[in-house]
Structure formats: C-alpha cells, structure tokens
Amino acid sequence: MNNQNVNNKIVICDFVGTYVNALTRGKNYEVLVEDYEKQQIKIVGDNHRARWC
C-alpha cells in the first residue's frame with residue numbers, strides 16, 4: 001500500500017453516493033491520507049468518522 005500523509009489538502013464533495021449521512025455536497029473536507037494505488041483519500045465526514053472515499 002502506498003499511503004502518504006497529506007498536509008492542508010482540501011477536497012470538495014461533488015457526489016454524496018451512499019454516504020448520505022456522512023458527507024454534504026459542496027462542503028470542503030480536509031484530506032488525512034491519500035492512497036495512490038487504490039486512488040482513494042481518507043477524510044473525516046460530517047458524522048465525525050474517518051472514512052475512505
């Protein structure tokens with residue numbers, strides 16, 4: 001796994017999908033970790049839980 005800690009990287013949610021109660025469309029989220037192999041990022045959602053997206 002090729003994880004990298006990311007400092008001060010912000011993403012904007014453009015599609016909620018199955019995370020209806022965890023993310024808000026148009027809201028900014030700070031990236032905690034980025035996995036380039038899986039093309040995923042880890043963020044903390046509105047429910048204060050970290051999740052891979």
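Here is a short chat about a predicted model of one protein chain.

Q: Hi! What pattern does the chain follow along the sequence?
A: Hello! Going along the sequence, the pattern is β-β-β-β-β. In other words, the chain has 5 strands and 0 helices.

Q: Okay, and how much of the chain is buried?
A: Buried residues make up 23% of the chain, which has 53 residues.

Q: What about the accessible surface, how much is there?
A: The accessible surface of the chain is about 4,100 Å². Carbon and sulfur atoms account for 45% of that surface.

Q: New topic: how many salt bridges does the structure hold?
A: There are 2 salt bridges in the structure.

Q: Which residue does Lys-27 form a salt bridge with?
A: That one is Asp-46, with the closest N and O atoms 2.9 Å apart. The pair links distant parts of the chain, 19 residues apart: Lys-27 sits in the loop between E2 and E3, and Asp-46 in the loop between E4 and E5.

Q: How accessible are Lys-27 and Asp-46?
A: Lys-27 has 38% relative accessibility and counts as partly exposed. Asp-46 is partly exposed too, with a relative accessible area of 25%.

Q: Let's switch to His-48. Where is His-48?
A: His-48 is found in the loop between strand E4 (40-44) and strand E5 (50-52).

Q: Is His-48 buried or exposed?
A: His-48 is exposed, since its relative accessible area is 70% and exposed means over 50%.

Q: How far apart are His-48 and Ala-22?
A: In sequence, His-48 and Ala-22 are 26 residues apart. In space, they are 8.1 Å apart, C-alpha to C-alpha.

Q: Last one: what share of the contacts joins residues 24 or more positions apart?
A: Among contacts in the chain with a separation of 6 or more, residues 24 or more positions apart account for 30%.

Note on methods. Residues numbered from 1 in each chain as written. Predicted model: local features only at pLDDT ≥ 70, side-chain atom pairs only at ≥ 80, totals over all residues. Heavy atoms only, no water. Helix = DSSP H or I, 4+ residues; strand = E, 2+ residues; numbered from the N terminus. Buried < 20%, exposed > 50% of the residue type's maximum accessible area, 1.4 Å probe, protein only. Salt bridge = Lys/Arg side-chain N within 4 Å of Asp/Glu carboxyl O. Contact = heavy atoms within 4.5 Å. Areas by Shrake-Rupley, 256 points an atom, 1.4 Å probe, with all protein chains shown as cover.
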